[in-house]
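Work through the two exercises below with the sequence and the model side by side, and try each task before reading its solution.

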Amino acid sequence: MKTLIVYYSYGHHTRDVAEIMKKALGCDLSEIVPVKAYTGVYQKLVDATENNRETKNTPEIKPLSQKISDYDNIIIGTPVWWYTMAEPVRTFLSQNDLTGKNVMIFATNAGWIGSTFKDMKALIGSTQIPELDVKFSVDGESMLTEARVIEQFVKKS
Ligand SMILES: Cc1cc2nc3c(=O)[nH]c(=O)nc-3n(C[C@H](O)[C@H](O)[C@H](O)COP(=O)(O)O)c2cc1C
């Protein structure tokens, strides 16, 4: 069974968690890269995406480095943006049919996860998807969820 971790990370939290998972499983990793990078001041991005849940923006993304069809297990990671998934992850889930794959999802956040998992599951088209909430401190300095918990979660894949 081949496993691929697909993630988007604006800062580095989601990437760091994806790297922990990759190390635990020895699997492949693929980053979701928007065609037009989100750049500039952090607060400007926060302000610009304030209505993320309502606008349901799906910015164009680059093709993944790996082919989804080559894998049995897909683990998808997102930062939480305004109580739901980050926009580029919405694009990825809207464009890829994951029917028949074993899917797991995780979200990094500062304590307000909102409807992130429910919204991701709706796009994937299944409610039977294991999920992991990975918390970081509000100042973004430290991961509050233990690495051991992340490793145990993916080893169920
Ligand atoms: C635009 C934006 C919106 C955010 N909204 C939330 C939120 O609704 N709830 C929350 O707990 N954290 C929120 N955060 C914090 C991020 O979810 C958190 O820092 C995450 O771990 C960042 O992941 P990254 O470093 O991989 O981009 C937001 C951050 C950004 C940039």
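This is a predicted model: local features need pLDDT of at least 70, side-chain atom pairs count only at pLDDT 80 or more; totals for chains, interfaces and linings use all residues.

Residues are numbered from 1 along each chain as its sequence is written, and side-chain values use heavy atoms, with hydrogens and water left out.

**Exercise 1.** Find which residues surround the ligand and which polar atoms lie by its oxygen atoms.

*Solution.* Next, look for polar contacts, which are pairs of N or O atoms within 3.5 Å. A polar side-chain atom of T108 lies 2.7 Å from an oxygen atom of the ligand, while a polar backbone atom of Y83 is 2.8 Å from a ligand oxygen, and for a polar backbone atom of A110 the distance to a ligand oxygen is 2.8 Å.

**Exercise 2.** Count the aromatic pairs, and classify the pair formed by Y8 and W81.

*Solution.* Rings of Phe, Tyr and Trp (its six-membered ring) pair if their centres lie within 6.5 Å, with planes under 30 degrees apart counted as stacked, over 60 as edge-to-face and the rest as tilted. By this rule there are six aromatic pairs. The ring centres of Y8 and W81 are 5.8 Å apart and their planes stand at 85°, so this pair is edge-to-face.

Conventions
A polar contact is a pair of N or O atoms within 3.5 Å; within protein, one must be able to donate a hydrogen and the other to accept it, and residues adjacent in sequence count only if both atoms are side-chain atoms.
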